[in-house]
2 protein chains.
Amino acid sequence: MSAGPFAGLLVLDLTRVLAGPHAALMMVELGARVIKIEPPEGDDARRYGPFVTGENGVAKSGYFMSINRGKESIALDLKKSEDRKILEALLMRADVLIENYRGCTMEKLGYGWESLKDKYPRLIYAAVSGFGHTGPYAARPAYDMVVQAMGGIMSLTGHPGGPPTRVGTSIGDLTAALFGTVGIASALYDREKTGRGQKVDVGMLDCQVAILENAIARYVATGDVPGPLGTRHPSIAPFAAFKTKDDYIVIAAGNDALFARMSKVLGREEWPRDPRFATNPARIEHLDALHSEMESALTGRTAKEWLRRLEAEGVPCAPINNIADVMADPQVLARNMIVTADDPDLGPVRMQGNPIKLSVYDDLSSRPAAPELDGDRSKILKELGLASD
Amino acid sequence: MSAGPFAGLLVLDLTRVLAGPHAALMMVELGARVIKIEPPEGDDARRYGPFVTGENGVAKSGYFMSINRGKESIALDLKKSEDRKILEALLMRADVLIENYRGCTMEKLGYGWESLKDKYPRLIYAAVSGFGHTGPYAARPAYDMVVQAMGGIMSLTGHPGGPPTRVGTSIGDLTAALFGTVGIASALYDREKTGRGQKVDVGMLDCQVAILENAIARYVATGDVPGPLGTRHPSIAPFAAFKTKDDYIVIAAGNDALFARMSKVLGREEWPRDPRFATNPARIEHLDALHSEMESALTGRTAKEWLRRLEAEGVPCAPINNIADVMADPQVLARNMIVTADDPDLGPVRMQGNPIKLSVYDDLSSRPAAPELDGDRSKILKELGLASD
């Protein structure tokens, strides 16, 4: 794991739970050395279930492990002067600091960007917070659930007339981690040119706005407020999930040629000549009729059979895979998207891989485990020339 | 917009619709010059509604505009030798090429990475495709809908027992754009150290696996296949959307202290002493009782009143904003997350801003518009020293 574009860089990870730790994980995956600086009680996520229990009886959070693999850990109480000295010695060597406290916490500790920038002019200071460090909500706490609700994606997800629906993963945290990492990487590039560090300020709410995509364009163009659409696409048909004899499948026949091929597979060659279905605008206008005729055609065979026939004709389609299906999918496995971390207590634990495949670097199928809390203290202090206590 | 960490870099954007164009948009936002190389008929997204119509009667896709602002455009038919010469002249000057064809299309055109890497050794070649360029599905087409279904997120989104539910924005495309941009930025940094370009290969399906987060950890730890949870969090309560007198609100009282404060606001001071609700594990065990008691308490006041009271006590909570609410939110506006592009035909058009706030660079509130198809041909040919036809 030491090989990667960011090999040789030192990242201090003062983050907890998900958004910040995931940004730091991407730095690990790209070759950086990441030291996780935890409070004495450790990252809260160490206590989030479910837990994996080893043969020796040791139980560890599967959630924590998957987001903190390959990092080192040192526990520091930033209110104590001896621990502040350690952080300051680390800052002298660090290239990047990532924190995800709410706005103003680092200032209160004396480690806000304004305090650090003159002392560590090459440091890249990345803050991943709920609302960013400016504006009226800067000091408010946030969770994924909060920004999914405030940022509009919850108003677009679900079925018309149904209850609110959260995206089933913490997309509020994860997109902030991704935009944050883009910011860090671009600032590192910038520093190569200028020698100067800078602050990267990413707010989770902002990131939700950035991924609203065509919902903003629709609202701006028409004044109509977009609502949830189930599995439907707002302007392309057929492009949705459909029930077969057994399971649902997705069919994405996004243009007239694909629609004709799909109609043939479903045994309804006449559909492309039916004025209700001949063009995409006509199909959108007669969407209920189209969907009900499609589902009536699809009841005759199982999901598996339909997928085989649709694929053979080149019609984009997919099963709705659950997590077990995903983890056994031949493409997912061929792409090394399920890797194992070898934990000293638990043995190999499967987790998500890295989707950024770089031609120059190996994409190993095994990763170093997540650290024990404070597990690298003595090694780190020795490197810093500080006595261990 | 010329200012940013990637100022001075030339990016060739051979992409269409969403995933690739969005990665190239991030390069624009970070200061790069991006030339969009379109087929003679233009990016398909130019024909995706809804359209904004100017006073002069010109109609343009709001969707296309928001993803392609600030780029230049030249239309090239890569099967014609004169146009291939133009692309090759551009490649001589380019730092990055981004393409989102399905695996093997660029090889067929003679512009695969293997063909380019010796001729353009400093080039960073970024492919954002449905399934990546290796593995059994490499040549298959994909859409956002397809990878949302295959990648597992659809199995986690929605309500238990309900129909499948798509995430309401194209998260399959957008996460691939984000991981792709992280890859590009890291490869640019690497090139500063080594002088060498490389290929960045990002598959949309892989990116879906990478954002499954605790669903994989839950499955690995327990063997239970996670399903959809509505708005609930899998292991924290109360952490969901709740109905008030009028609208739903989100309450994320993620620990005992917050639960006690929330109980006080709801006029149910006794809840923290109720053995069913005293701890998070107890609340998870008695979730139905907790939710129904909370909703019965919440019916007394409107969403707005409850949010005011919960906020005053520091309990994380949020309205479920629709797109109109989001675009009027004071924090969203203060963070410059709604910007305008000044289109020559339409005037200022509002769209999403850039969530990566860098301390060294201005975050302007106005952006250059998206280009006309082939609108920069003569300027580009002149720069290349090629005659315009």
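1. Is the crossing of α1(B) and α8(B) left-handed or right-handed? In this predicted model, the crossing of these two helices of chain B is right-handed. The axes of helix α1 (residues 19–29) of chain B and of α8(B) come within 8 Å and cross at roughly 45°; angles of 65 to 115 degrees would count as roughly perpendicular and those under 35 degrees as roughly parallel, and α1(B) and α8(B) are therefore oblique to each other.

2. On the side of α1(B), the residues that take part in this packing are Ala19(B), His22(B), Ala23(B) and Met26(B), and they meet Asp173(B), Leu174(B), Ala176(B), Ala177(B), Gly180(B) and Thr181(B) in α8(B). Sorted by class, the contact of α1(B) with α8(B) has six nonpolar, three polar and one charged residues.

3. Turning to the two chains, chain B can be laid on chain A with an RMSD of 0.0 Å by a turn of 180° and a shift of 0.0 Å along the axis, which is the relation of a two-fold axis. Of the interface residues of chain B, 100% are also interface residues in chain A, so the copies meet through the same surface.

4. In that interface, 119 residues of chain B are in contact with 119 residues of chain A. Helix α8 (residues 171–194) of chain B supplies the largest share of the side of chain B that touches chain A, namely 15 residues, and by class this side has 74 nonpolar, 34 polar and eleven charged residues.

5. Strands also link the chains: strand β14 (residues 357–358) of chain A runs antiparallel to strand β8 (residues 199–203) of chain B, and two bridges join them. Within β8(B), Val200(B) is the bridge partner of Leu358(A).

Technical notes:
Residues numbered from 1 in each chain as written. Chains lettered and ligands numbered in written order. Predicted model: local features only at pLDDT ≥ 70, side-chain atom pairs only at ≥ 80, totals over all residues. Least-squares fit on C-alpha atoms with pLDDT ≥ 70 in both. Contact = placed C-beta atoms within 7 Å. Helix = DSSP H or I, 4+ residues; strand = E, 2+ residues; numbered from the N terminus. Nonpolar A, V, L, I, M, F, W, Y, C, P; charged D, E, K, R; others polar. Pairing = 2+ DSSP bridges. Axes fitted to C-alpha atoms, helices over the stretch in contact; angles between N-to-C directions. Parallel < 35°, antiparallel > 145°, perpendicular 65-115°, else oblique. Left-handed = near helix turned anticlockwise from the far one by under 90°.
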